[in-house]
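Student: Could you take one part of this structure and go through it closely? I would like to follow the chain from a single residue through the elements after it.

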Amino acid sequence: MLASTNSPRAAEDLDIDGVRVGDVILIEATESRVEGDFVVEGILRLREGGQTTVVAIMADGERRRWLIGSRELEDWFAVEPVLGHGLAGEPPRNIQPGGAHAQTYALARRGQASVAAVGNHGRPLGSRVGTYVYRAGVRDVLWLERWGNEILMGEGAVLARHMVSFLPGS
């Protein structure tokens with residue numbers, strides 16, 4: 001007999017590719033800017049080639065974060081949305097999001113993905129998105145999504161996937 005899609009899910013069976021709106025994501029990191037217990041409000045599934053990357057849009061009270069990862073990758077990203085960054089169109093090779101005294105991020109990877117979105121994700125409507133990963137040092141990361149001319153930016157840290165665990169929503 002096949003299990004119902006509404007059957008209870010066990011926390012030990014959850015991974016990033018099975019996360020749903022209402023689930024809880026726990027991040028145990030050494031940095032307070034990314035650590036916390038977050039409720040998933042929206043999900044993007046970005047398909048590029050044979051790989052699907054999940055962007056979980058989550059909140060802990062007023063704190064907003066995006067968890068970006070896939071089953072195929074050991075390192076995931078936890079980033080905080082950056083508002084008022086002033087970017088539009090094709091992003092440059094280097095970005096200094098916090099002004100003259102902030103660190104400079106260098107483009108490490110870019111791609112194009114098809115999008116499937118659910119929940120309150122805060123993205124424009126569209127079936128394709130450009131993704132950009134910028135790095136500064138070993139742990140600091142900048143994630144950009146280009147939706148036509150609109151750019152969404154998140155700044156945060158690289159996480160080992162064992163720092164993230166999932167609890168099913170009620």
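Tutor: Start with histidine 121, which touches Gly42, Leu44 and Ile57 when residues up to four places away in sequence are not counted. Contact here means heavy atoms within 4.5 Å. The model is a predicted one, in which local features need pLDDT of at least 70 and side-chain atom pairs count only at pLDDT 80 or more, while totals for chains, interfaces and linings use all residues. Residues are numbered from 1 along each chain as its sequence is written, and side-chain values use heavy atoms, with hydrogens and water left out.

Histidine 121 sits in the loop that joins strand 7 (105-119) to strand 8 (128-136). A strand is a DSSP run of E with at least two residues, numbered from the N terminus. Histidine 121 counts as buried because its relative accessibility is 15%. The cut-offs are under 20% relative accessible area for buried, over 50% for exposed, and partly exposed in between, using a 1.4 Å probe and protein chains only.

Two strands count as paired if DSSP finds at least two bridges between them. Across this pairing, tyrosine 132 faces leucine 144 of strand 9. Strand 8 and strand 9 form a hairpin with three residues between the strands, where glycine 137 takes a positive phi near 75 degrees.

Strand 9 covers residues 140-147, and seven of its eight residues are buried, so this strand is largely enclosed by the rest of the structure. Strand 9 has another partner in strand 10 (residues 150-160), again antiparallel, over eight bridges. In that pairing leucine 142 stands opposite glutamate 155 of strand 10. The hairpin of strand 9 and strand 10 has two residues between the strands, and glycine 148 in its turn has a positive phi of about 65 degrees.

How far can this be trusted? pLDDT is the predictor's confidence in each residue, from 0 to 100. The chain averages 89, and 91% of the residues score at least 70. Among the elements of the chain, strand 8 has the highest mean pLDDT (97), and strand 11 (residues 164-167) has the lowest (93). Where pLDDT is low, the predicted coordinates should not be read in detail.

Notes. Helix = DSSP H or I, 4+ residues; strand = E, 2+ residues; numbered from the N terminus.
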